[in-house]
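Here's a quick tour of one model, piece by piece. Keep the viewer open and follow along.

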Amino acid sequence: MDKTNKLIASLNYFSVFFAPFLLPIAVYFIVDHHEVKEHAKKALISHIVPFISIIALIILVVFSGFSNPTEATFLSVFFGGIIVVGIINLIVFIWNIVKGIKLLMTV
């Protein structure tokens, strides 16, 4: 993979800072290089994971409030879920940065 393709592939991961969904989708459909497309697909999936975890937290909190409406249960599910989602999002964020740097550092 040449330097330009490496840069484009790493930008897919760094797009978590500026265009998480748009850039990997655009690169996937515009660039013809197979390896760059693979990185675009992986980056897009890694950008979707935090979004899905937030939606799962919202669903969990809403249904925990309906099934057992005590305040203590609701608050424990809410704050526990926020901690879990925060950890997932932090791990995915760091993973994107590491993958982008590794691509730039390869010879």
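## A proline in the loop

At 30% relative accessibility, Pro20 counts as partly exposed, a label for anything between buried (under 20% relative accessible area) and exposed (over 50%), using a 1.4 Å probe and protein chains only. Pro20 sits in the loop between α1 (3-14) and α2 (22-30); helices here are DSSP runs of H or I with at least four residues, strands are E runs of at least two, and both are numbered from the N terminus. Set aside the neighbours within four places in sequence, and Pro20 is in contact (heavy atoms within 4.5 Å) with Ser15 and His47. From Pro20 to Ile45 you cover 25 residues in sequence and 10.0 Å in space, C-alpha to C-alpha.

## What you're looking at

This is a predicted model, where local features need pLDDT of at least 70 and side-chain atom pairs count only at pLDDT 80 or more, while totals for chains, interfaces and linings use all residues. Residues are numbered from 1 along each chain as its sequence is written, and side-chain values use heavy atoms, with hydrogens and water left out.

## Helix α1

The buried residues of α1 are Asn5, Lys6, Ala9, Ser10, Asn12, Tyr13 and Phe14.

Take Ser10, which lies in helix α1: its relative accessible area is 0%, so Ser10 is buried. Beyond the neighbours within four places in sequence, Ser10 is in contact with Gly100, Leu103 and Leu104. On the same terms, Ala9 is in contact with Val36, His39 and Leu103.

## The nonpolar core

Which residues make up the largest nonpolar core? There are 8 of them: Ala9, Tyr13, Val27, Val31, Val36, Ala40, Ala43 and Leu103. Helices α1 and α3 (34-67) each supply at least two residues of this core, and α3 gives the largest share, 3 residues. A nonpolar core here is a set of buried Ala, Val, Leu, Ile, Met, Phe, Trp, Tyr and Cys residues joined through side-chain atoms within 4.5 Å.

## One salt bridge

The structure holds 1 salt bridge, meaning a side-chain nitrogen of Lys or Arg within 4 Å of a carboxyl oxygen of Asp or Glu. The side chains of Lys41 and Glu38 meet in it at 3.5 Å, N to O. Both residues lie in helix α3, 3 residues apart, about one turn of the helix. Lys41 is partly exposed at 35% relative accessibility, and Glu38 is partly exposed at 28%.
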